[in-house]
Amino acid sequence: MSADASSSGLPSDDFYDVEDFVWNNEGEGLPKRDRCTELLDLVKNGNRAFRENQMEEAIKCYTKASNIQPSNPVILSNRCTAYVRISEFLKQRTPTDSEYRPLNGLDPTIHAELALKDATRLVDLRSNSVKSYILKADALILLEKYDLAREVILSGLQVDPLSNALQVSLQKLEKAAASLTQGCRGKPERSDDFDCTLCLKLLFEPVTTACGHSFCRSCLFRAMDCSNKCPLCRTVLFINPRTCSISVTLNNIIQRNFPEDYAERKSDHESLTNFGYDLLPLFVMDVVLPCQKVLLNIFEPRYRLMVRRIMEGNRRMGMVILDSTTGFPAEFGCEVEITECDPLPDGRFYLEVEGRRRFRIINCWDQDGYRVASVEWVQDILPANRPKEQVDLQEMANNAAKYAQFWIRRAKQAAWQDRRRLAELFHAEAMMPTANDPELFSFWLAGLSNRRPPERLELLFIRDTKERISRGLIYMRDAEQGCQVQ
């Protein structure tokens, strides 16, 4: 990448040029003699590349030199200057240039952050150098942190009050801040330049791709569920939700200029990720019981979108089975919580979910390809004001818990050659709830033996804890005898 634009933040070319490296034998952290020549050559090659406007090559040379001598102020100063030059060059590019001559590599904000990191170290090493303060202020200006930049320039003026370079930088900074304040007083005109070309709304959490196009983060990854190419120019994109960051500068511009529209977009986004107490996105696949652990491989684009939104919210969804007679989700289902989420490079998700509580669907509708339901939470009808029945229920649960522990031990012995079944039994044993909560315990008990989906669905319908415990015991005895009651 060549940067043929001149600096706008530094007062003179002397402060914006790189320094020649001079070897000396004093100081700490110096390399061995046999690496001296290598270090000098790296800095010399970096300076040559810088003066030929080959900034990326210059940064590579400076970085290799910094690995040999990490705390050398000349190397840090030269690399910081190169980062500043690239960041300014990228910021000065017009939208037309970005559209027709896209560049690969880091965005100007990342370069400015790297420059700030080097400049901060440089100020610590050269606290009496005017150039150190100018470089740090320049990096902060590129990050639009004008107040901090002003503090850095004032700190430099304490070191050298007569520095004309710092005075000029302060005047330019105040002029830029004043023009920015004046520009923000009047309400800016909304144009489609700040709209996402996918949803046709104001950009929210914008992501700028390597090919130079900007989209809402959620819109881009929704499009990439179907193809890993840019929706506009069809360039192949190698990004994923875990490593991709939003464009800080563009996001700040949008928030500052269109606060009301941005607040509305944020509210819309939160409504998609935080569904509310009685609203659940539905994963239509199988019947899950409370206290049951299930592994899922999410590959359909609609469910990949749903999982991304769930992971930004409360990590919970509903699991239901499709009713074969009506073609709609069954009336009862179970809320599950995503306990582990492993995004794969091809966009799929590998999930581990655990059943939490059951619900009944009141109303159901489609949203962006997947189902969302309004639900009511269901509990068993417990004997009220009947102490004897409550005592009997608790005693039944305690006896069933003892039998379940005995049954699991026998099942482990019988399945000692079946690793998969052994793993299931160990997981089930780890998920065992206390018998002091008979309702939750009854679901765990009934799920110990692998039952068919219609039988598990019937367990969700039952609102009598005693009956569910009884069925669980029957299922366990049938499984132990190697038969199954129809």
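**Burial, ring pairs and backbone features of the predicted model**

Cys-61 is buried, with a relative accessible area of 8%; buried means under 20% relative accessible area, exposed means over 50%, and partly exposed covers the range in between, with a 1.4 Å probe and protein chains only. The structure is a predicted model, in which local features need pLDDT of at least 70 and side-chain atom pairs count only at pLDDT 80 or more, while totals for chains, interfaces and linings use all residues. Residues are numbered from 1 along each chain as its sequence is written, and side-chain values use heavy atoms, with hydrogens and water left out.

The protein contains 18 helices and 8 strands. These elements are DSSP runs numbered from the N terminus, where a helix (H or I) has at least four residues and a strand (E) at least two. Of the 486 residues in the protein, 43% are buried. Contacts, defined by heavy atoms within 4.5 Å, were counted at a separation of 6 or more, and 63% of them are between residues 24 or more positions apart.

The structure holds 7 aromatic pairs. One of them is formed by Phe-204 and Tyr-262, which is tilted, at 5.5 Å centre to centre and 40° between the planes. This pair links distant parts of the chain, 58 residues apart: Phe-204 is in the loop between α9 (164–185) and β1 (206–208), and Tyr-262 is in helix α12 (residues 259–273). Phe-204 is buried at a relative accessible area of 5%, and Tyr-262 is buried at 12%. In another pair, the ring centres of Phe-283 and Tyr-303 are 4.7 Å apart and the planes stand at 80°, so the pair is edge-to-face. Phe-283 belongs to strand β3 (residues 279–284) and Tyr-303 to helix α13 (residues 301–312), so that this pair also links distant parts of the chain, 20 residues apart. Phe-283 is buried, with a relative accessible area of 7%, and Tyr-303 is buried at 3%. Rings of Phe, Tyr and Trp (its six-membered ring) are taken to pair if their centres lie within 6.5 Å, with planes under 30 degrees apart counted as stacked, over 60 as edge-to-face and the rest as tilted.

Charged groups also sit over rings. The charged end of Arg-451 is over the ring of Tyr-475, 3.9 Å from its centre, and that of Arg-477 is over the ring of Tyr-403, 5.3 Å from its centre. The criterion is that NZ of Lys or CZ of Arg is within 6 Å of the ring centre and within 35 degrees of the ring normal.

The structure holds 0 disulfides, a disulfide being a pair of cysteine sulfur atoms within 2.5 Å. For Cys-219, the closest cysteine sulfur is that of Cys-199, at 3.7 Å, too far for a bond. Cys-219 is buried, with a relative accessible area of 14%. The buried residues of helix α10 (residues 217–224) are Arg-217, Cys-219, Leu-220, Phe-221 and Met-224. Their cover includes β1, β2 (214–216) and α13.

Strand β4 runs antiparallel to strand β7 (residues 349–367), and 6 bridges join them; two strands pair if DSSP finds at least two bridges between them. The bridge partner of Lys-293 in β7 is Glu-354.

Ser-442 lies in helix α16 (residues 438–446) and is buried, with a relative accessible area of 0%. Leaving aside residues up to four places away in sequence, Ser-442 touches Thr-465, Arg-468 and Ile-469. Leu-200, in the loop between α9 and β1, is exposed at 66% relative accessibility.

Most residues other than glycine have a negative phi. Arg-234 has a positive phi, near 65°; this residue is in the loop between α10 and α11 (248–257) and is partly exposed at 44% relative accessibility. Cys-291 has a positive phi of about 70°. Cys-291 lies in the loop between β3 and β4 and is buried, with a relative accessible area of 13%.
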